[in-house]
Amino acid sequence: MYYSYLKFGVFKTFQIAYIVYLIISVAPNAAFSDNLTENRSVEAENYRMLGYEAQQKGDMQQALTLYSKAVEFGYKNPVLYNDIGVVYERLGLADRAEQFYLKSLQADRDYLPPYTNLAYLYVALGRNADAVYYLQQRIDRAPEGDPWMPRLVDELQKIDPNYKKKLVMKQLDDLHTKIEQDKREKLALEIGRVKNHLDQAQVFLNEGRFEEALQELNNASRLSPENIQVQELIQKVQNA
């Protein structure tokens with residue numbers, strides 16, 4: 001029994017020691033991996049910033065080289081993709097520009113510059129229907145007080161001379177829809193109030209409190225003067 005116990009104890013001790021060794025061995029590797037990922041992110045951001053500086057200076061080839069490095073380092077950002085699109089467009093590579101503008105939108109549908117850039121690109125390519133679509137998308141997403149709005153509307157008017165007319169018609173349709181919705185909501189509210197008065201009148205009638213029931217019916221009648229059933233109930237209560 002003693003031998004077995006000792007053997008088991010030694011084996012258990014070895015297991016624990018081995019697990020501790022694994023933890024000590026793996027932990028530095030995990031930390032190294034995290035540091036490597038962080039370093040790559042820093043490198044990618046540095047390339048992006050250098051690329052933007054080159055773009056601002058008008059050196060499109062250098063900007064493209066640096067932006068491409070940022071992408072290689074795993075930099076995924078709608079701003080970067082849009083800037084790459086701008087560079088490709090400046091270099092006369094419309095297909096590549098379109099590809100990266102669309103990639104920017106895939107990364108963030110609420111990032112606005114690619115909508116405008118795509119619209120202008122499509123105008124230059126004679127693809128007016130596509131230009132109208134992306135300008136409209138940009139307008140629909142415009143924040144309140146967007147300073148670009150007048151220019152965007154003017155651009156749409158140039159492409160589609162009937163745009164402002166369509167815009168006014170849409171606004172009228174929206175207003176009409178809102179009025180109808182307000183009417184329905186008001187009617188529903190009035191119906192609810194009428195029902196409340198009728199329910200209370202029923203309670204009073206069951207209790208033989210005719211004057212109070214008549215008052216509730218009159219309140220319902222004021223809310224719904226064209227309701228014939230309410231008028232008939234009033235007559236019956238008065239003749240009771």
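Trainee: Among contacts in the protein chain between residues at least 6 apart in sequence, what percentage join residues at least 24 apart?
Mentor: First, this is a predicted model, where local features need pLDDT of at least 70 and side-chain atom pairs count only at pLDDT 80 or more, while totals for chains, interfaces and linings use all residues. Residues are numbered from 1 along each chain as its sequence is written, and side-chain values use heavy atoms, with hydrogens and water left out. A contact means heavy atoms within 4.5 Å. Among contacts between residues at least 6 apart in sequence, the share joining residues at least 24 apart is 40%.

Trainee: How many helices are there in the protein chain?
Mentor: Helices (H or I, at least four residues) and strands (E, at least two) are DSSP runs, numbered from the N terminus. Read from that end, the elements go α-α-α-α-α-α-α-α-α-α. The chain has zero strands, and its helices number 10.

Trainee: What percentage of the 240 residues count as buried?
Mentor: Buried means under 20% relative accessible area, exposed means over 50%, and partly exposed is in between (1.4 Å probe, protein chains only). Of the chain's 240 residues, the buried part is 27%.

Trainee: Which residues have the most contacts inside the largest nonpolar core?
Mentor: A nonpolar core is a set of buried Ala, Val, Leu, Ile, Met, Phe, Trp, Tyr and Cys residues joined through side-chain atoms within 4.5 Å. In soluble globular proteins, nonpolar side chains tend to be buried together. The largest core here has 33 residues, and those with the most contacts inside it are Ile84 and Tyr134.

Trainee: Tyr81 and Phe100 form an aromatic pair, so to speak: what is the angle between the planes?
Mentor: Rings of Phe, Tyr and Trp (its six-membered ring) pair if their centres lie within 6.5 Å; planes under 30 degrees apart count as stacked, over 60 as edge-to-face and the rest as tilted. By this rule there are six aromatic pairs. Tyr81 and Phe100 make a tilted one, with 6.3 Å centre to centre and a plane angle of 50 degrees.

Trainee: How many residues apart are Tyr81 and Phe100?
Mentor: Tyr81 is buried at 6% relative accessibility, and Phe100 is buried at 9%. Their pair links distant parts of the chain, with Tyr81 in helix 3 and Phe100 in helix 4, and the separation in residues is 19.

Trainee: Is Asn82 buried or exposed?
Mentor: Asn82 sits in helix 3 (residues 78-90). Leaving aside neighbours within four places in sequence, Asn82 has contacts that include Phe100, Tyr101, Pro114 and Asn117. Its relative accessible area is 5%, so Asn82 is buried.

Trainee: What is the relative accessibility of Tyr101?
Mentor: Tyr101 is in helix 4. Beyond residues up to four places away in sequence, Tyr101 touches Asn82, Gly85, Val86, Glu89, Pro114, Asn117, Leu118 and Leu121. Tyr101 counts as buried because its relative accessibility is 1%.

Trainee: Which helices do the buried residues of helix 5 pack against?
Mentor: Helix 5 (residues 113-124) has 12 residues and reaches 17 Å from its first C-alpha to its last, close to the expected 16 Å (1.5 Å times one less than the number of residues). Its buried residues are Pro114, Tyr115, Thr116, Leu118, Ala119, Leu121 and Tyr122. They pack against helix 3, helix 4 (94-107), helix 6 (128-140) and helix 7 (149-159).

Trainee: Which exposed residues are on the face of helix 7 turned away from its buried side?
Mentor: Leu152, Val153, Glu155, Leu156 and Ile159 are buried in helix 7. They cover an arc of only 160 degrees around the axis, so they lie on the same side of helix 7; that arc is taken from the directions from the helix axis to the C-beta atoms. The face turned away carries the exposed residues Pro150 and Lys158.
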